[in-house]
Amino acid sequence: MNILLLGSGGREHAIAWKIIQSALCSKLYVAPGNAGTQGIAINLDFGDSDFDAIKSACIEYAIEMVVVGPETPLVKGIVDYFLDDNLLRQIPIIGPNKVAAQLEGSKDFSKKIMDDCHIPTAKYATFTNVNFEAGIEYLKTHSVPIVLKADGLAAGKGVLICATIEEAILEFTAMLQDHKFGDAGAKVVIEEFLQGIELSVFVVTDGTSYKLLPSAKDYKRIGVGDTGLNTGGMGAVSPVPFADATFLKKVENRVVGPLLHGLNQQGITYKGFLFVGLMNMNGEPYVIEFNCRLGDPETEVIVPRLKTDIVKVFQAVANTTVNELNIEIAEETAVTVFLVSGGYPEDYVKGKVITGFDQIQGSHLFHAGTTMHNQDVVTNGGRVLAITSLANTIDDAATLSKAAAEKIQYEGKYFRNDIGNDLI
Ligand SMILES: Nc1ncnc2c1ncn2[C@@H]1O[C@H](COP(=O)(O)OP(=O)(O)O)[C@@H](O)[C@H]1O
Ligand SMILES: [Mg+2]
C-alpha cells in the first residue's frame, strides 16, 4: 500500500521510520518532510495543510492511506475534506475529524466536555469580550497563581501562568482587547493552578474501543533544571516510572473511558491518536489538556518502544478493530535528547552544516528542523535533531543519548544534559 504522511518534525521522521519497517507499506511519501524523511521516503514539496495539493498527490501517487502527524490540518478539517470528496472518500485517513479535533482546537470545548463527563481537571471559567467585565471580577477573587489560556491553537504560546491578580488582569486584557494571540485569544479560559508532576498518556482509538500506548514525560524548558523559556520540547522519557499500573487504571477509568463515552453521547466519533496531558497530584491524575495527535518529542520515545507493526495500528483505527489490536511495547526505557539551534527558542540562524551522522551507533537519530542544501544536511529550525536511546534504566538510556549528542556537530549546537535526571 502507498502511504502519505503529513508533517515535517521529529515526530514524523519517527513515524516514517516505523512505517517503512512494515511489509504492508510499498511506497511512503511525506509532505513536506525533512532531510531525515528524505533518506527513507519520498518528500513532497507542499505544506501539511495544503488540502488541494494533498488531494492531487493522493491521485497522482495512488495513495491508499493518509496519516496526519500534526494538529493544524486536523483542526482545519482535513478528515472532513476527505469524507466530503468523491475521489478521496475511500482512502482511510488516520486522525480525528474537525469536531473531534476541537478537543485540542478549543480549550473551552475541551473543558466543557471534561465537565460534562466529570473528568478530573482544574476548575475554570471562559470569557470573551462580551462578558469582559465579569472576567475581571472573576479574576479579582481568584486564588494565585492564575492560569490563562487562549482558547484556540497558539503554537504552544497561548498559556500564561500569572503570579498575581494584577498580572492576570493585564494579560487577560491584552488577550481579549489587544488581540495578543489574535483570533486564538478571542476566548480566554481562566483556570485554577494545579501543583504536581506532569506527564502524558497516549491512546489509540477507533471511537468505540481504545488501547493505551506508553506514557511519556517531556522537558519543555530550554535550561538545565527546568529553567528559562518554554520550547517545543527538549527531550522525553518513556515510560514514566510513577505512572504505574494503578495510576494508569485511574487514567482509563476516570479520563479515557468517560471521555469516549461522552463524545459518543454527543454524536462525536473520535478516531486516531489522543494525547492526554496530565498532572499527577499525589497519585491522582488531573487533565491539563487533550491533544488530537501524538506529541513531539514524545513520539520519539514511544515509537522506538512499539513492537507492533504501526501500519496495523493505523488499519485497526480505520477499520474500527482496535479491540482486536495487540499493542506490544518493549520493556526498555527510551530517552530522547533534542539538539537545538543556538539562541532557540528566541532568534537563531538556519543553514548550519551538520556533520557526524556516521558516528552514531546504537541510538536512533530522528531529524526535525533539517533540510538538504547541495549535498549537506543543514539546520532548518529551532529544534534540529532528536536522539533516542533504549536501555534498562533511564540513566543508561540518557547516557547513550548524550554521548551520541556529543558526536553530532554544527555551529551553535545546544542540548540539555539533564533529561530524565528528575526521575532517577
Ligand atoms: N491548570 C494548570 N495548572 C498548572 N499548570 C498548568 C495548568 N494548565 C497548564 N499548565 C502548564 O502550562 C503548560 C501549557 O498548557 P497546555 O494546556 O498544555 O497548553 P498548550 O500545550 O496548548 O500550550 C502545561 O504543560 C503546564 O505546564
Ligand atoms: Mg500542552
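This is a predicted model: local features need pLDDT of at least 70, side-chain atom pairs count only at pLDDT 80 or more; totals for chains, interfaces and linings use all residues.
How many cavities of 30 Å³ or more does a search of the whole structure find? The search finds three.

The protein chain is divided into four parts: domain 1 (3–94), domain 2 (123–192), domain 3 (195–330) and domain 4 (332–424). Between the C-alpha centres of domain 2 and domain 4 the distance is 35 Å.

One sheet is open and has five strands, which follow the order S3-S2-S1-S4-S5 with parallel pairing. Its edges are formed by strand S3 (42–43) and by S5, each of which pairs on one side only. Within this sheet, strand S1 (residues 3–7) and strand S2 (residues 28–32) are paired in the parallel sense through five bridges. At one position of this pairing, isoleucine 3 is found opposite leucine 28 of S2. Helix H1 (residues 10–19) packs on the sheet and touches both S1 and S2. The direction of H1 makes an angle of about 165° with that of S1.

Strands of a sheet pair through backbone hydrogen bonds, and the pairing may be either parallel or antiparallel. The antiparallel arrangement is represented by an open sheet of four strands, in the order S6-S9-S7-S8. Strand S6 (124–127) and strand S8 (159–162) are at its edges with a single partner strand each, so one side of each has no neighbour in the sheet. On average, and with direction ignored, neighbouring strands of this sheet are turned by 20° against each other. S7 and strand S9 (residues 188–192) form an antiparallel pair over five bridges, and isoleucine 146 has glutamate 192 in S9 as its bridge partner. Two helices pack on this sheet. H8 touches S6, S7 and S9, and its direction makes about 150° with that of S6. Helix H9 (residues 165–176) touches S6, S7, S8 and S9, and its direction makes about 5° with that of S7.

Several loops carry backbone features that deserve attention. Most residues other than glycine have a negative phi, and most peptide bonds are trans. Against that background, valine 144 and proline 145 are joined by a cis peptide bond with omega of about -10°. Proline 145 belongs to the loop between helix H8 (132–140) and strand S7 (146–150). A cis peptide bond also leads from serine 238 to proline 239, where omega is near 0°. Here the proline lies in the loop between strand S14 (235–238) and helix H10 (245–265). Alanine 62, a residue other than glycine, has a positive phi, near 50°. The loop that holds alanine 62 runs between helix H3 (51–60) and strand S4 (65–68).

The volume of the largest cavity is about 80 Å³. Its lining consists of 14 residues, and those nearest the centre are Val68, Gly69, Phe273, Arg293 and Leu294. At least two lining residues come from each of H1, S4 and strand S15 (272–281). By class, nine residues of this lining are nonpolar, three are polar and two are charged.

The second largest pocket contains about 250 Å³ of space. It is lined by 14 residues, and Val79, Leu83, Ile93, Gly95 and Lys271 are the closest to its centre. Helix H5 (78–83), strand S5 (93–94) and helix H12 (310–319) each contribute at least two residues to the lining of this pocket. By class, the lining of the second largest pocket comprises nine nonpolar, three polar and two charged residues. Domain 1 (3–94) and domain 3 (195–330) each provide at least three residues of the pocket lining.

How values were computed: Residues are numbered from 1 along each chain as its sequence is written. Chains are lettered from A and ligands numbered from 1 in the order in which they are written. Side-chain values use heavy atoms; hydrogens and water are left out. On a 1 Å grid over the protein atoms alone, a cavity is a set of points where a 1.4 Å probe fits but cannot get out, and a pocket is an open set with protein on both sides within 12 Å along at least five of seven lines; lining residues have an atom within 4 Å of a point. Grid points are joined across faces, edges and corners, and a volume is the space filled by probe spheres set on the points. Ala, Val, Leu, Ile, Met, Phe, Trp, Tyr, Cys and Pro count as nonpolar, Asp, Glu, Lys and Arg as charged, and the others, Gly among them, as polar. Domain bounds come from an automatic or database domain assignment. Two strands pair if DSSP finds at least two bridges between them. Contact means heavy atoms within 4.5 Å. Axes are lines fitted to C-alpha atoms, for helices over the stretch in contact, and angles run from 0 to 180 degrees between N-to-C directions.
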